[in-house]
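Subject: Structure handover

Hello,

The structure we talked about is below. Please open it alongside this message.

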Amino acid sequence: MTQYRVLVIGPRRGLIDALRERGIAFSVWQEKPLFTVAASQLNVVAPLWHSPERIREQIRASFADQRFTHVIAGTEAAVVAASVSRRQLGARVSSTLTGTRCRDKLLMKEHLAGFGIPMTRFLADRPDLDPATVFATLGTPVVRKFRKSSGGKGLQLLYSVDQFVPGRHGSSILERYIDAPEASIESFIDRGRIRFTNITAYHRKGHCNFVPAAFDSTLERTLLALNERCIGALGISWGMTHLEVYLTSRGPLFGEIALRPPGGYIMNALQHAWDFNPWQAFLAMELGESFTFPERAVAYAAVEVLHPGAGTVRTVHGKGQVLDEQGVQEFRIKVKPGDVIDERTGLGQDAGYVVHASATPEARNALHERIAQALRIELVPQAPDASPSRKA
Ligand SMILES: Nc1ncnc2c1ncn2[C@@H]1O[C@H](COP(=O)(O)OP(=O)(O)OP(=O)(O)O)[C@@H](O)[C@H]1O
Ligand SMILES: [Mg+2]
């Protein structure tokens, strides 16, 4: 059997647990000292640089003479660092171009547009753009977001020409705004083939995901075909992807694809919906191993992500009701009275979550409604001009 030696860049809890369960030796490269490793392994705390040159420098400084069989990216910011490291550290190599296209929304969209993938109109942000032309081309509001981002951080909606102030133009993409529900497709890919897919409905963006979605079979087929075309066009030969789509009345539009496991507790929901360990499956894909995926879902799962907005917590209502619900599989509240919650600048910030599972889509809807009604984080009322001074 192969003696694996793994480097995890941008570790995530589920992946670390999966490696430990299998007794696979691993080192980590993380931005903050969140995870520990065995004494014989390296624990590097350093930024996940954007540029290949800085990444290579960091690898030379931190992993001189080290050899790994596999390098795994757990987070969005780690995707390019992982593809660059693979070459340098003698690990299973992936296409750096694919990694870069999956990390940079502009390069991704330019590439996929060339394959005829339907998407909203977009422009590269540049300092010499004429604002009036931008609005004439993209309509109002104009969406401006960072080319390399995740969790919706730094996204702006511009409603007028005078809001179009020079910004970090080179690092942004401009898009036509789409007013439509969203969904995502999670894929597990091994040796160039998609081995398993799941469709997630963003029932309430940022707050409630349904896993799997209960769309009609025609829409599901359309989404899976779009997913397959994108993965093929990007030449993704292994790993896990999370592709986001907008469900417009004229058909689905590609949003973006991420070459890493999804956030938003979708991994937790996959486990309850399909009855397998998606982190073990992800690890197997990364190691080039086969994995036995389930053929059908065993439940209709959902995630409720809690964030009441910025403020000081007064009370958390409804915990008992949630615990009394048969369908609740996971439940965690991360705040208590007196805690200060920051404004939500990225979807990664939350004050707690619930994962539940039901036998039918109707029962899931009903359970979602009951939990949404009962579970509420009440904030201390604020005087109009007051803002919390302490950050939690
Ligand atoms: N052109 C657009 N029209 C309408 N909404 C948009 C547009 N672009 C982004 N959004 C909204 O902002 C969210 C985040 O945008 P996007 O997925 O491009 O960035 P991200 O930082 O990768 O976010 P995440 O990691 O949450 O997926 C989208 O899911 C969508 O709700
Ligand atoms: Mg996104």
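Pro212 sits in the loop between β11 (208-211) and α7. Helices (H or I, at least four residues) and strands (E, at least two) are DSSP runs, numbered from the N terminus. The peptide bond joining Val211 and Pro212 is cis, with omega about -5°. Another cis bond runs from Thr140 to Pro141, with omega near -5°. Pro141 lies in the loop between α6 (131-138) and β6.

A word on the source. This is a predicted model: local features need pLDDT of at least 70, side-chain atom pairs count only at pLDDT 80 or more, and totals for chains, interfaces and linings use all residues. Residues are numbered from 1 along each chain as its sequence is written, while chains are lettered from A and ligands numbered from 1 in the order in which they are written.

**Positive phi**

Most residues other than glycine have a negative phi, and most peptide bonds are trans. Asp65 is not a glycine, yet has a positive phi of about 65°. Its place is in the loop between α2 (52-62) and β4. Tyr265 is not a glycine either, and has a positive phi of about 60°. Tyr265 is in the loop between β13 and α8 (266-274).

Which of these is buried and which exposed? A residue is buried if 20 or more other C-beta atoms lie within 10 Å of its own, exposed if 12 or fewer, and partly exposed in between; C-beta atoms are placed from the backbone. Asp65 has 5 other C-beta atoms within 10 Å, so Asp65 is exposed. Tyr265 has 21 within 10 Å, so Tyr265 is buried.

**Val303**

Val303 is in strand β14 (residues 300-306). Val303 counts as buried because 24 C-beta neighbours lie inside 10 Å. Leaving out residues up to four places away in sequence, Val303 touches Cys208, Asn209, Gly264, Tyr265, Ile266, Asn268, Ala269, Tyr353 and Val355. Two residues are in contact if their C-beta atoms, placed from the backbone, lie within 7 Å. Gly264 is 39 residues from Val303 along the chain, and their C-alpha atoms are separated by 7.8 Å.

**Domains**

The protein is divided into domain 1 (5-93), domain 2 (102-106 + 180-298), domain 3 (121-176) and domain 4 (301-379). These bounds come from an automatic or database domain assignment. The C-alpha centres of domain 1 and domain 2 lie 24 Å apart. At their contact, 15 residues of domain 1 meet 14 residues of domain 2. On the domain 1 side, α1 (13-22), β4 (70-73) and α3 (79-88) each supply at least two residues. The largest share, 5 residues, comes from α1. That side of domain 1 divides into 7 nonpolar, 4 polar and 4 charged residues. Here Ala, Val, Leu, Ile, Met, Phe, Trp, Tyr, Cys and Pro count as nonpolar, Asp, Glu, Lys and Arg as charged, and the others, Gly among them, as polar.

**Helix packing**

α1 packs with helix α9 (residues 278-287) at an angle of about 75°, with their axes 9 Å apart. Therefore α1 is roughly perpendicular to α9. Roughly perpendicular means 65 to 115 degrees; under 35 is roughly parallel, over 145 roughly antiparallel, and the rest oblique. Axes are lines fitted to C-alpha atoms, for helices over the stretch in contact, and angles run from 0 to 180 degrees between N-to-C directions. On α1, the contact is made by Gly14, Leu15, Asp17, Ala18 and Leu19; on α9, by Trp279, Gln280, Phe282 and Leu283. These residues divide into 6 nonpolar, 2 polar and 1 charged.

In helix α5 (residues 105-113), the buried residues are Lys105, Leu106, Met108, Lys109, His111 and Leu112. Their cover includes α4 (96-103), β5 (122-124), β8 (172-176), α7 (217-234) and β13. In α4, Gly99, Arg101, Cys102 and Arg103 are buried. The cover there includes α3, α5, α7 and β13.

Best wishes
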